[in-house]
Amino acid sequence: MHILQAVIVGIVQGLTEFLPVSSSAHLIFVQELLGINQPGIAFDVLLHLGTLVAVVGYFFKDIVEMIKAFISSILDLFRGKFKEEFKNDPYKRLAWMVIIGTIPAGAVGIIFDTQIEAIFQSVTIPAFFLLITGTLLYVSQRLNVGNRDIKNSGIKDSIIVGIGQAFAILPGLSRSGTTIAAGLLIGLDKEFAAKFSFLLAIPAILGAALTQIDGIGAGMDTNLLPYLLGFLASLISGYLAISILLKLIRERSLDIFAFYCWIVGAIVLVYSLFFM
């Protein structure tokens with residue numbers, strides 16, 4: 001893989017992992033355009049690790065508080081204060097919401113691993129689901145009538161958003177778009193829905209990277225510079241994507257991403273059906 005190809009793919013991964021436009025679909029499209037048949041397991045792992053570092057870096061203080069709160073909540077079980085502390089401590093509630101919300105996607109990934117891998121070989125299916133992503137973003141914002149944040153949300157909310165993340169394993173269904181849309185549909189505040197989506201990405205990205213970590217050594221031996229530059233590109237662009245999305249959802253809307261998904265999905269769908 002050439003250096004320029006690695007950087008381009010890294011930027012696309014970083015931006016689309018967190019912007020609600022589907023990283024899986026865009027990686028398939030970009031690799032098709034650049035003529036990259038198999039980027040390699042090691043490269044895929046590094047790109048995911050780049051976006052993982054980006055989201056951990058952005059929410060580092062929150063993550064530290066969540067870890068401390070989680071450990072404390074385990075001790076609460078022995079003190080008989082778990083329910084009381086879960087209700088009163090937002091970081092304890094958030095830590096458990098992320099853990100519970102991760103289960104649906106993890107179960108789907110394990111059970112349907114082979115079937116999901118097969119549909120990543122096509123550009124038609126991601127294009128179709130990109131149209132669905134746009135529709136989810138557009139509709140969910142208009143049906144969002146709540147403003148619940150971490151203080152008045154709980155496990156039920158995390159399960160629903162987690163189910164949204166499980167569906168997003170399909171290429172073209174944006175993980176961030178689907179989880180944010182699910183949060184909006186159940187009445188979460190827009191900014192909290194986005195923040196919870198990003199925190200929920202941490203175990204999802206980590207799990208995806210760990211399943212492919214075995215092949216990282218061989219790829220790094222032959223493509224060290226392109227792979228490292230791709231990693232840095234995904235890290236930097238991922239951090240910027242988080243900042244951009246939080247600013248947009250706080251001050252404006254996500255309609256621009258809905259329109260983008262519709263346009264790109266329609267173009268690729270027509271191209272794949274009539275010109276491939």
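Let me begin with the conventions. The model is predicted, and local features therefore need pLDDT of at least 70, side-chain atom pairs count only at pLDDT 80 or more, and totals for chains, interfaces and linings use all residues. Residues are numbered from 1 along each chain as its sequence is written, and side-chain values use heavy atoms, with hydrogens and water left out.

I turn to the overall architecture. The secondary structure comes to 14 helices and zero strands; helices (H or I, at least four residues) and strands (E, at least two) are DSSP runs, numbered from the N terminus. The protein has a radius of gyration of 19 Å, close to the 19 Å that the globule rule gives for 276 residues, so it is as compact as a globular protein of that length. Here the radius is taken over C-alpha atoms, and the rule is 2.2 Å times the number of residues to the power 0.38. Along the principal axes, the C-alpha trace spans about 60 × 45 × 35 Å.

Contacts and surface come next. Contact means heavy atoms within 4.5 Å. Among contacts with a separation of 6 or more, residues 24 or more positions apart account for 83%. The protein exposes about 13400 Å², of which carbon and sulfur atoms supply 69%; accessible areas come from the Shrake-Rupley method with a 1.4 Å probe, and for residues only the protein chains shown count as cover. Buried residues make up 48% of the 276 residues, where buried means under 20% relative accessible area, exposed over 50%, and partly exposed in between (1.4 Å probe, protein chains only).

Let us now consider the interior. A nonpolar core is a set of buried Ala, Val, Leu, Ile, Met, Phe, Trp, Tyr and Cys residues joined through side-chain atoms within 4.5 Å. The largest such core has 48 residues, and F18, F29, F59, F196, F198 and L199 touch the most other members. Which helix gives the most to this core? Helix α11 (residues 190–210) does, with ten residues. Leaving aside neighbours within four places in sequence, F196 is in contact with L94, M97, V98, S158 and V161. Apart from this core lies another, of twelve residues, among them A6, V12, V30 and I36.

The buried residues of α10 include R175, T178, I180 and L184. What covers them includes α1 (3–18), α8 (124–143), α9 (155–167), α11 and α13 (224–251). Just after α10, G187 takes a positive phi of about 90 degrees.

Three further buried positions follow. T133, in helix α8, is buried at a relative accessible area of 1%. Neighbours within four places aside, T133 is in contact with P20, G172, L173, S174 and C261. S22 lies in the loop between α1 and α2 (23–34) and has a positive phi of about 75 degrees although it is not a glycine; S22 is also buried, with a relative accessible area of 1%. Y227, in helix α13, is buried at 4% relative accessible area. Y227 and F43 are 184 residues apart in sequence and 5.8 Å apart in space, C-alpha to C-alpha.

I close with the aromatic residues. A search of the whole structure finds 13 aromatic pairs. One of them, F82 with F86, is stacked, at 6.0 Å centre to centre and 20 degrees between the planes. By the criterion used, rings of Phe, Tyr and Trp (its six-membered ring) pair if their centres lie within 6.5 Å; planes under 30 degrees apart count as stacked, over 60 as edge-to-face and the rest as tilted. Why are these two residues about one helical turn apart? F82 and F86 are four residues apart in helix α5 (residues 82–88), which means a separation of about one helical turn. F82 is partly exposed, with a relative accessible area of 23%, whereas F86 counts as buried at 17%.

The charged end of R93 sits over the ring of F86, 5.9 Å from its centre. That description requires NZ of Lys or CZ of Arg within 6 Å of the ring centre and within 35 degrees of the ring normal. Likewise, the charged end of R142 sits over the ring of Y138, 3.6 Å from its centre. Finally, ring pairs link F18, Y58, F59, F198 and Y239 into a cluster.
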